[in-house]
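This report looks at nonpolar cores and aromatic side chains. The sequence and structure come first.

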Amino acid sequence: GLQIVQPEFFNQMTTMHGLIMVFWAITPLMIGAFGNYCIPLMIGARDMAFPWLNMLSFWVFLLSQLIIIASFMVELGSAAAGWTTYPPLSSNVGTPGYGQSLVVLALFVTGVSTIMGAINYVTTVIRFRAPGMTWMRMPATVWGLWLTSILNALFVPVLGSAGLLLLADRTFGTQF
């Protein structure tokens with residue numbers, strides 16, 4: 001039969017497509033960019049609660065993008081364990097090389113950025129609503145972004161912790 005790409009490269013393509021689309025495209029655009037634009041406008045705030053945290057979140061996110069790009073340039077290629085990066089496929093045995101480790105590091109770094117954004121969004125909605133902008137008068141878009149930010153503040157630290165444990169397994173030989 002006709003084989004267009006090698007199986008290992010196919011795994012890398014599908015893994016990186018899934019990861020980049022979820023963590024470096026859809027989520028940052030729909031929550032990050034859209035939220036930063038809409039929340040202050042829709043609740044009558046002059047700015048986000050912590051503008052400096054907003055900018056720091058952006059630069060940390062940019063760092064995670066550089067790390068994910070670097071994962072394509074190492075020997076044996078980038079991650080190939082699926083976008084969920086479940087062990088044992090994401091272990092050194094299942095996916096050898098530095099590519100998978102860089103991707104897990106990039107996931108952790110983008111998680112730090114997400115947590116910063118979540119703190120900023122939640123605080124902005126709670127504390128910076130204009131006079132008369134009660135909870136029941138808030139637009140559904142703000143409700144959605146606010147609740148998403150609460151969920152991000154709760155689940156992303158767990159995801160980041162799991163990533164650090166996986167990184168320790170891959171780098172230092174621990175057995176979490």
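A residue counts as buried under 20% relative accessible area, as exposed over 50%, and as partly exposed in between. The model is predicted. Phe-58 has 44% relative accessibility, so Phe-58 is partly exposed. Trp-59, with a relative accessible area of 48%, is partly exposed too. Trp-24 has a relative accessible area of 8%, so this residue is buried.

**Aromatic pairs**

The structure holds six aromatic pairs. Two of them are edge-to-face, and their geometry is given here.

| Pair | Centre to centre | Angle between planes |
|---|---|---|
| Phe-23 and Trp-24 | 6.2 Å | 70 degrees |
| Phe-58 and Trp-59 | 5.1 Å | 75 degrees |

Planes over 60 degrees apart count as edge-to-face. The Phe-23 and Trp-24 planes stand at 70 degrees, so that pair takes the label.

Ring pairs also join Trp-135, Trp-143 and Trp-146 into a cluster. Which charged end sits over the ring of Trp-135? That of Arg-129, 4.2 Å from the ring centre.

**Nonpolar cores**

The largest nonpolar core has 14 residues. Trp-24 is among those with the most contacts inside it, as are Met-16, Leu-19, Ile-68, Val-103, Ala-106 and Leu-107. Three helices, α1 (7-43), α2 (51-70) and α3 (99-127), each supply at least two residues of this core. A second, separate core has 13 residues, including Ile-31, Met-48, Tyr-121 and Met-133.

What does Met-16 touch beyond its neighbours within four places in sequence? Its contacts there are Ile-68, Ser-71, Phe-72, Ser-78, Ala-79 and Val-103.

Technical notes
Residues numbered from 1 in each chain as written. Predicted model: local features only at pLDDT ≥ 70, side-chain atom pairs only at ≥ 80, totals over all residues. Heavy atoms only, no water. Core = buried A, V, L, I, M, F, W, Y, C linked by side-chain atoms within 4.5 Å. Buried < 20%, exposed > 50% of the residue type's maximum accessible area, 1.4 Å probe, protein only. Helix = DSSP H or I, 4+ residues; strand = E, 2+ residues; numbered from the N terminus. Contact = heavy atoms within 4.5 Å. Phe/Tyr/Trp six-rings, centres within 6.5 Å; stacked < 30°, edge-to-face > 60°. Lys NZ or Arg CZ within 6 Å of the ring centre and 35° of its normal.
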